[in-house]
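Take a look at the sequence and the structure below. This report walks through a few of the parts.

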Amino acid sequence: MIRRPPRSTPSNSSAASDVYKRQKYDGRSIVYVKGDALFEYIMDEVKERGCISISTCPLFLRQYKPFSWISSIRVYLEKLVLWDKMHVPSEWCINVRALFLRLLMLKYLFLIRRKLERASDSILVKVLFDKIVLPYMPLALEYITYNFYLLDKLKPCVVVIRNEYGMWERSLILASKKLGVLTMAIQHGIIHELHRGYMYDSDESPLFVDKLVVYGCKFKDMIAESSDELANRVVVVGSPRYDGTLLLSRKVPSHALRRMVLYKCGLKDVLDKEYRIILWTTQTHAFSLSTAKRYIEDVCLAVNDVNKEFNGKLLLLIKPHPGEKGTENLYMSIINSLNCNAKLLPKYSNVYELMIISDFLLTLNSTTALEFRVFGKDNVILYNPINDELASFYAKEGVGVEARNVKELKKVLLQLMLCEALVPTGRDENVVYYYFNSVGSEATNAIANLIVEACK
C-alpha cells in the first residue's frame, strides 16, 4: 500500500504474509513462494495497467506468542531482500493513540475478570475468559487500529485480501469500511457446506467484502445457500493460482521441468531414475497423534506392497500441509522403520509444480484433489479410512476414487501402475469446469481488470 498517486495512476493494496525460499539450480538463484505467488502475478498485471500496489501483513502476527514474532519478522525481512514488490508492515503507522487504546482495553478486561471472580465460582467461565476473551479482544482492537491508521495515511482505492475470514483480515475489512475503501477477497481454498468461514448469520454483514472472487459456479452456488447478501457480491473468474504454473509447463519440456522441480526440493538422488511418482498432499495436522501415525503407516505399507510387485518403481513424495507443525520426525521415523521408498519434501515446496510432474495424487480432502484435475490429470486417490464427509463428497462428485482401507488403497495403486484408468463412482461431467470455471483461463488478467475498475 502507498499514498494515493496522481489521478491517472490509481493504487491498490494487497494483504499477504507468506514465506519465501531461495535455492540454487544450475548455478542460478531461484526464489519461489507458497501463497504470495497468487498476489505476485496479480500485482504484476495491475502494474502493467498503470496501478501501484503494495502488500502488507502484521510484523507481530500474534502478540501473545513470541515465537510467531520471529516468523513474522523473518517473513518481513525476506520480502525486503528477495521480493521486488513494495511491502510494509501493518504497524508502520502506529502511534500513541493506538497503544493507549490497547492498554485501555486490557485495563477494562482485567476489571471484568475481577468482577467475574467475585460473582462466579465457575472455573469454566474463568478459563474461557483467560483463553479466549483476554488474548483475542485486545489483539482484534489493535489490528483494527493499526489498519485504520495505515489505510488513512496511504489512502488506497481498493484492498485485496485472501483468507478473508481470519481475525487480522477481518480487522482490515472493518478498517476499510470505516474509511470507505473498497474491499475485494480472492478465494484461496475449497468452499463447502461445512466451511465455518462461510457460515454467516444475518447480523454479520459488516464483515462481508464488497467483492468476492471465486473460482467457479459451484462455489458461488454454495455461498448463495449461506447468504443471499454475500452471493450478490460474488464474481466468478476462474482460478489465478495455476496461470503461472500452466505457463511454465508450456514453456519448459516435461523432462527438464521434472528435473528442475525435484532439484528445487533437494531430491538430487532421484533426478535420473525412472520412477512413477505419487504425490501425497498430507493433512495429518487435523488428526490425533495415534490417527496420524496409523494413516501414515497405511500409506507407506500400501506403497511397499506395490513396490514388491513393480521392483521399486513407485516413488512417494510427501508434501506436508503448511499447517502441520513438528510432524517431520513422525514421517521420517515411519518411513525409515518400514523402509518405504518415500521422500519427505520441504513444507513450502511449490505444490503446483509438484502436481505437474506427478503421475498420481493421494490426499484426504485437500483442494489439491480438484487442482490436480486442472492440470489434465485424472488419477486422484482419496484415502478415507476415517469416513470424512468432504472426501466422500469429492468421490460422489467424481473428483477421484475413494479408498477406505489399506487393501483398497493397494488395489487402486496396482491399477494405476498397470496403466489402467481410474473410474470415479460419482458424476464426472465437466466437474473441473464446474469448480474452476475454465481450465487454463486467464483468471489473473480478469482479477487485475476488476481491481483497475475498482480503482477508477
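## Strand 10 and its partners

In this predicted model, leucine 279 has leucine 317 of strand 11 as its bridge partner. The chain gets from strand 10 to strand 11 by way of helix 10 (residues 289-309). This β-α-β crossover is right-handed. Strand 10 and strand 11 (residues 314-319) are parallel and pair over six bridges.

Strand 13 (residues 360-363) also runs parallel to strand 10, joined by three bridges. Here the bridge partner of leucine 279 is leucine 361. Strand 10 covers residues 276-281, and five of its six residues are buried. The strand is therefore largely enclosed by the rest of the structure.

## Helix 14 and its ends

Helix 14 spans residues 389-397. Seven of its nine residues are buried, so the rest of the structure largely encloses this helix. Among the buried residues are Leu390, Phe393, Tyr394 and Glu397.

Now look at the ends. Aspartate 388 caps the N-terminal end of helix 14. One of its side-chain oxygens lies 3.1 Å from the backbone nitrogen of leucine 390. After the helix comes glycine 398, with a positive phi near 85°.

## A nonpolar patch on the surface

Turn to the surface. Ile73, Leu77, Leu80 and Val81 form a nonpolar patch there. Together they have about 360 Å² of accessible area.

Isoleucine 73 is part of helix 2 (residues 66-82). Why does isoleucine 73 count as partly exposed? Its relative accessibility is 32%, and partly exposed means between the 20% limit for buried and the 50% limit for exposed.

Notes. Residues numbered from 1 in each chain as written. Predicted model: local features only at pLDDT ≥ 70, side-chain atom pairs only at ≥ 80, totals over all residues. Heavy atoms only, no water. Patch = residues over 30% accessible without salt bridge, like charges linked within 9 Å, V, L, I, M, F, W, Y side chains within 5 Å. Areas by Shrake-Rupley, 256 points an atom, 1.4 Å probe, with all protein chains shown as cover. Salt bridge = Lys/Arg side-chain N within 4 Å of Asp/Glu carboxyl O. Helix = DSSP H or I, 4+ residues; strand = E, 2+ residues; numbered from the N terminus. Buried < 20%, exposed > 50% of the residue type's maximum accessible area, 1.4 Å probe, protein only. Pairing = 2+ DSSP bridges. Right-handed = clockwise from strand over helix to strand, strands pointing away. Polar contact = N/O pair within 3.5 Å; in protein donor to acceptor, adjacent residues only side chain to side chain.
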